[in-house]
Amino acid sequence: MAAARIGRQTPTFEHSGGYDRTVGDEACAFFESFGVEFYESQRYQMRLFAAKNEAGEPASLNICLSVPRQNGKSFAARHYALWCAMVEGETVLYTAHNGDTTREMFRLIKELVESNPDMAACLDKRDGVRRAPGYESMRFDNGGAIKFNTRTNSAARGMTYSRIVVDEAQELTEEQFSAMLPTTIAADDVPQVVYLCTPPNEKCPGTVMRRYHRLAHDGGFGSSWWVEWGAPEIPDPLDREAWYECCPALGCRIREDVMAEAANLGKSSPDTFAREYLGWWSPSDAPEPAALSAADWDACRSEGGPPEGVTAYGVKFSTDGRRGCVAVCVRPPEGPPFVEVVDLRSTVRGVKWFSGWLAERKDAAALVAIDGKAKASALVKRLRDEKFPAKAVKECGPSDVVAACAMFADAVESRALSHAGQPGLCDSAKRCKRRDVGRGGGWAFDENGGSDQLPVEACALAYWAAATTKRNPKRRLRIG
């Protein structure tokens, strides 16, 4: 009986160099003795990850792996991370963009170790496994360790690692990249970073892997290695030969009939199918530009405190209703309006804090603009119960949000507002993207840039309220 067909097990594109030897096969054999099974493509990856030069150091300090989704891109890498820590005594950081991915990698490695007594015996007797969310780690009696970390712009600062595995690397931004690299400088051993990625779409904020992909294919990647399974151009979605050429897990964990269904349904355009299922890198998929210019935002910073003038507030609730942000805008008689975030907090216990805080300022508030379907109506009702002036409360609709965001963006571009440089607000303003609102070309702020849109959108609502209201209680601003 003929063996079932499986996808190509060697890369469709590879930029790598020579090496003296590899312990990749030894590592695979070690894990196989505990019941782990590798595809040949994963063995290939392990050989490259564990390749050594004549001095016994990593043959490449940077290895990038690009594989289509659902093809097990992290399988070999997570076993390599465990090998480095448990067998070679290295300090390893496993980092991902999403917290769910980080926790899943920790769970898979922890369960492998704890389910095998010989592996479990290698754990440090006093501090072997830390399970606290956000602080997951494993330590071994040879001094090796693996820490699991969800990336931020300051993730892992102050720590030192000899090996870093960067999962979901297509999401890696320049800020995160800058925060991560210094963690290898003081390593006792020669440091190595392994990047795992899939091709990004136009919504993805990451720029690092786009740059690396371009350099690798242009021949300018130097001593770094790039290993890729992917279509070089957009094929016919129904071309089964292209499926087997690009997907190493096809015929193993991916069924041909499932691929056929995805292709036949026609739910995806040919380019989307090629990117999501066949690992194709679009030459034109650049990240969306930020909604606000960072340079313009910085130019709006004022060293002075809040001025006196017409005072308005903006309240923005998250889509799921679990958080809310209050911002204030003061429009002085002369000079640019001043915006500031008052607080961003949970709404698990309702909107009582928000209504109470605003009610204390009802005599000074010209207008409060509120947005967020999940909690906006509840806050409006509570403010009415607090005898808040009816004309001073506005529950915003989509057109109001569109107008507020557009007006705010224009003000930033023309340097017609000021702010105090609050770190959270600055991060939100500089990194948030645009999200479509309605069908008329309107937009609001979104968090696709890896930031939180609530601070900047709350400020936009406050700015819009201050700029458009005709009410003027003529009271001095109170924030505290």
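I need one cut-off before I start: a residue counts as buried when its relative accessible area is under 20%, as exposed when over 50%, and as partly exposed in between. W225 is buried, with a relative accessible area of 3%. Y19, at 36% relative accessibility, is therefore partly exposed. Please keep in mind that this is a predicted model.

Those two residues belong together. Y19 and W225 form a tilted aromatic pair, with 6.3 Å between the centres and 45 degrees between the planes. The structure holds 20 aromatic pairs. Elsewhere, ring pairs join Y195, Y212, F221, W226 and W281 into a cluster.

Two arginines also sit on rings. The charged end of R5 is over the ring of Y244, 4.0 Å from its centre. R345 lies over the face of W353, and there the distance to the ring centre is 4.0 Å.

Nine strands make it up, in the order 1-11-4-10-9-5-8-7-6, with mixed pairing. At the edges are strand 1, residues 13-15, and strand 6, residues 129-130, each of which pairs on one side only. Strand 5, residues 91-96, and strand 9, residues 163-166, run parallel and are joined by four bridges. L93 stands opposite I164 of strand 9.

What packs on this sheet? Helix 4, residues 99-114, does, and it touches strands 5, 6, 7 and 8. The direction of helix 4 makes about 155 degrees with that of strand 8. Helix 7, residues 208-217, lies across strands 1, 4, 10 and 11, and runs at about 95 degrees to strand 11.

Next, the nonpolar cores. The largest has 45 residues, and F49, L82 and M138 touch the most other members. Helix 3, residues 75-86, gives this core its largest share, ten residues. Which residues does L82 contact, leaving aside its neighbours within four places in sequence? They are F31, V87, I109, L112, V113, F140 and I146. There is also a second, separate core of 41 residues, which includes A327, F408, F445 and A460.

F49 brings me to helix 2, residues 40-49. Eight of its ten residues are buried, so helix 2 is largely enclosed by the rest of the structure.

Strand 12, residues 310-317, pairs with strand 13 in the antiparallel sense over eight bridges, and F317 stands opposite G324. These two strands form a hairpin with five residues between them, and G321 in the turn has a positive phi of about 75 degrees.

On to strand 14, residues 338-346. Strand 14 runs antiparallel to strand 13, and eight bridges join them. V326 stands opposite D343 in strand 14. This hairpin has six residues between the strands, and G335 takes a positive phi near 95 degrees.

That is what I have; questions are welcome.

Terms used
Residues numbered from 1 in each chain as written. Predicted model: local features only at pLDDT ≥ 70, side-chain atom pairs only at ≥ 80, totals over all residues. Heavy atoms only, no water. Core = buried A, V, L, I, M, F, W, Y, C linked by side-chain atoms within 4.5 Å. Buried < 20%, exposed > 50% of the residue type's maximum accessible area, 1.4 Å probe, protein only. Contact = heavy atoms within 4.5 Å. Pairing = 2+ DSSP bridges. Axes fitted to C-alpha atoms, helices over the stretch in contact; angles between N-to-C directions. Phe/Tyr/Trp six-rings, centres within 6.5 Å; stacked < 30°, edge-to-face > 60°. Lys NZ or Arg CZ within 6 Å of the ring centre and 35° of its normal.
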